[in-house]
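Reader: Hi! Could you walk me through this one with me asking as we go?
Author: Happy to, ask away.

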Amino acid sequence: MSAAAGTTNQAPETGTAAPAAAKQRWSGLRRVVAQPKGLVGLTLVVLYLLLAIFGPLLAPHDPFRQDFAATLKAPSAAHWFGTDQLGRDVFSRVLIGARATLGVGVGGVTFAFLFGVPLGVLAAWRRGWIDALVMRVIDVMLSFPDIVFALAIVAVLGASTQNVIIAVGVVSVPIFARTARAVTLSILAEPYIEGSASLGASPKRIILRHVLPNISGTLLTLSTLLFASTLLSASGLGFLGLGTQPPNPEWGTMLGESRSYIRSNPYLATFPGLFLAGSALAFNLLGDALRTIYDPASRHAVRKRPWLGALRRKARPASRDAKPEATTGPAPAVSVRDLRLAFRAGSGLLEVVRAVDLDIQPGRTLAVVGESGSGKTTLLRAIATLANPEQVAVTGGTILIGGESAIDLTPSAMMDLRRRKIGVVFQDAASALNPVLTIGAQIAEAVRIGTDLDAAAVRQRCAELLSDVGISDPERRLAMYPHQFSGGMKQRIVIAIALAQDPQLLLADEPTSALDVTIQQQILALLGDIQRKRGMAVLIVTHDLNLVARFADDVAVMYAGAIVEHGAVAQVLDSPRHPYTQALRAAIPGGAGRRGKPLDAIGGEPPMVGMLPAGCAFRPRCQRTHGRPECGRAEPPAEMVAGRKVACFFAQEGLS
Amino acid sequence: MFITRRLAMAVPTLLVVSVLVFFFMDMIPGDPAQMLAGPSATNEEIDVIRDALGLNQPLLTRYGLFIKGLWDPSVATSFLTHRPVALELAERLPNTLIVAIGGLVLGLILGVISGVVCALRQGGVAEAGITVLTLTGISMPIYWLGLLCIWLFAVHLRWLPAAGASTPAHFVLPILVIATRPTAMFSRLITANLLETMGKDYLDTARAKGLSETRVIVFHALRNSLVAAVSVAGVQFGGMLGGSVITETVFGIPGVGRLLVEAVTRSDYPVIQYTILMFAIFFVLINLATDLLTQWLDPRTREARTT
Ligand SMILES: Nc1ncnc2c1ncn2[C@@H]1O[C@H](COP(=O)(O)OP(=O)(O)OP(=O)(O)O)[C@@H](O)[C@H]1O
Ligand code: SF4
Ligand SMILES: [Mg+2]
């Protein structure tokens, strides 16, 4: 079993050559030992197996020889683990007991595997009444606590090593059958299997070629984990005196015998227990390591926090001198200077937002546009103080919200800032609402914090908020759950939550791209209305230039983490000066039909994070550079050209 | 409706289970009457016993009688003590339930705390420590841990009594020991669940309201793990009821598990039958309760249930 299941042939193609299969087997092994728990577990498992094979040869004494002159002796040089109540050498008995103990585990798992897996595969393959029958039998078997079921089997068959193997094996059959069935079902549903079935491949061939190799990883994991629990149940039966019968040594039986002497000779229980717990731990460790490899659902377990992150964060590059600009009018609701944000990656910091400057005055709307991956979300989340410090480092610059810094805050200052000044609307309203709480509870939470309104007033305010965002019958709707609303309604609710604390700054990350066109219009009109009434500043991230034209006052165009053109919408969109903006503009020929489409119609690929070309980041795709050396030499600084800021050395040429 | 459908599923399972347990008597090699009578009994004596056991009646009548034994104490008596099985069970059940419920509650509390710590301190010393501890907890043979604890707390330190069930203090050690496995299970479950939930947008929506991180975790993230925790709690509770056969032997608690082990060692078949049946009924009911509770806790499925 172990050899066959050891292959983890992930490539389902027919006709894989033997060497490839062997390579895959080794890669599975490599991935196991790459994890500390896998390495420790595998080493221990191998040691235990060696012990089971060679234990009897190593025993220094005859494990059955009784010596009534030397009963219950403490460990000594002659008897490393002491002697038992009959004067037998415990060390020798532990060594010999390895074979019986582990043998029962191997036997039980093999039994369960041999009966359970074919049953499960058969049920999944034939479906229909066979499947129904197998599932019912499994149901019934799982209606007994496993150790009780095993006890019943032993009661019927009598206590002996062989019967314990059958008992613990039968108990695990339904587990194997259920898993094999589930995995087989999912594999049979794969298109390539359906394909080869329609090409006339025989069922036997499909099962042998496709199903077994693909479920072997899961089954290997399951076998290893079940081995640990089977070992414990089997030895438990031994402990109860229902397993291996004296005088034959088995760790569980030895523990059971030691129970009467726990007061006078506790070490009698120490050693067999230690070996037993160690073997279960070994198989659990190995099984856990296998699971991280073969079970995609548990893969996040390998996720590692870069522990160097804390150190890196200190190493901020010297930031450019922030130019204090002459402010016109009132203090901006948000003011960002030379902001640099980097993801902490395994290999170091990846800078994704580079030297961003922006201001939004109260009552105005700034739209941030740019290709996918240009850093818009990262920027917005940092301004919202929602960047996860374990993932994102602020490597330079400042963010001021209503004059207060939003960087490096204490938790309570951050909570306070979020409460008083910031509201956030996410792209996907469905995932922005907690599915298990009523929307009333979720809005009330925002209303209640920092105020001392009584329950009736809170409820009143929640209802007002809902009617503000255009939801009728608010009283009744407060008691409903998110899944009971349509997408557009959910987004209105998210907006209601964002508005609950009268924010000075509303941050919206593609608030409408998940919605259809009419709903988009309604939501935008709603946002515009509310903004006018309350005089909020709004920062909206979007892909949609038509939306920008209709909704925003200013626009900032982002490319590869930097703002390349920034100014009033009318100027930037009507007469763009940066070649990237021009390309964006050209990609939507005045068409309402392209609304919401990603900005992908520009030739070339955006640069990879952390692999920017030297000089201007846009150079490889630029229509204007014509290979001029300036473009490769340095990054163009943002300068005022024709009433907006443009980061291009040749912005003056930009009149198209 | 979901409840009726789920109940309708449990009834046939119970029926099959009871038939299986009923036939258990017939699966035993040899004649129960002969075994009960002993090797020196005459044929007439065996016949009398066979009659008394009802073994001569038709199968269906015998099954009916077996089922009647569930509520009629006069039907089945222990071979050993000659007392009604129902009485034996009723006397011992409270001890078993106290240990199992105590272990479950303690395991839930400890498991949730360590799970949250583990999820929030990924990559830290605390995470490594808790991971090792949970794996050890799952690998620990309860009977060995029990013996070690008896030695330490009862023999060496003399803080707690070693065996019996006469005072509340007697239950402390068993509950502590039996809680290891559920603690480890809940801890791993909560960690995995929280890590999955941690990246969800709705947590950021909650943070943006200005809530404290504790409230975000407890009220929003943990709340979502509750559903999964309930089904694990069901499995663990059932497992602990079954595990009572071992715990009660280790700690000398007069409970249902101990009763079963003694009955098996001494071939007291009526006791074996009814104890196993009782365990199975408990198991089916626990599964039923977990399923219903899971349904009810998740508003999405709750909705589907009423429409
Ligand atoms: N957790 C992460 N670790 C490392 N890099 C990341 C991580 N999340 C995002 N990135 C990278 O950071 C860059 C900026 O991502 P961001 O999500 O801010 O882009 P975006 O402009 O919002 O894109 P979109 O329009 O697709 O939403 C991308 O290149 C992305 O690959
Ligand atoms: S600086 Fe050069 S490469 Fe960059 S946008 Fe301007 S012309 Fe193109
Ligand atoms: Mg984004």
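Reader: Let's start with ligand 1. What is the make-up of its shell by class?
Author: The shell around ligand 1 has five nonpolar, eight polar and one charged residues. Keep in mind that this is a predicted model.

Reader: Which residues come nearest to ligand 1?
Author: Out of 14 residues around ligand 1, the nearest are F343(A), S372(A), K376(A), T377(A) and T378(A).

Reader: And which element supplies the largest share of that shell?
Author: That is α13(A), with three residues. At least two residues each come from β1 (334-345), β2 (348-360) and α13 of chain A.

Reader: How many bridges join β3 to β9 in chain A, and do they run parallel or antiparallel?
Author: Strand β3 (residues 365-370) and strand β9 (residues 554-559) of chain A run parallel and are joined by five bridges. V369(A) is opposite V557(A) in β9(A).

Reader: Nice. Changing topic: at what angle do α16 and α17 of chain A pack?
Author: At about 110 degrees, with the axes of helix α16 (residues 439-448) and helix α17 (residues 455-468) of chain A 9 Å apart. Angles of 65 to 115 degrees count as roughly perpendicular, so α16(A) is roughly perpendicular to α17(A). The crossing is right-handed.

Reader: Which residues meet there?
Author: From α16(A) there are G440(A), I443(A), A444(A), V447(A) and R448(A), and they meet V458(A), R461(A), C462(A) and L465(A) of α17(A). By class, this contact has six nonpolar, one polar and two charged residues.

Reader: Last one: how many residues does the contact take from chain A and from chain B?
Author: Chain A gives 67 residues and chain B gives 60 residues. On the side of chain A that touches chain B, helix α11 (residues 267-294) of chain A gives the most, nine residues. By class, that side of chain A has 41 nonpolar, 14 polar and 12 charged residues.

Definitions and conventions: Residues numbered from 1 in each chain as written. Chains lettered and ligands numbered in written order. Predicted model: local features only at pLDDT ≥ 70, side-chain atom pairs only at ≥ 80, totals over all residues. Pairing = 2+ DSSP bridges. Helix = DSSP H or I, 4+ residues; strand = E, 2+ residues; numbered from the N terminus. Axes fitted to C-alpha atoms, helices over the stretch in contact; angles between N-to-C directions. Parallel < 35°, antiparallel > 145°, perpendicular 65-115°, else oblique. Left-handed = near helix turned anticlockwise from the far one by under 90°. Contact = placed C-beta atoms within 7 Å. Nonpolar A, V, L, I, M, F, W, Y, C, P; charged D, E, K, R; others polar. Near = placed C-beta within 6 Å.
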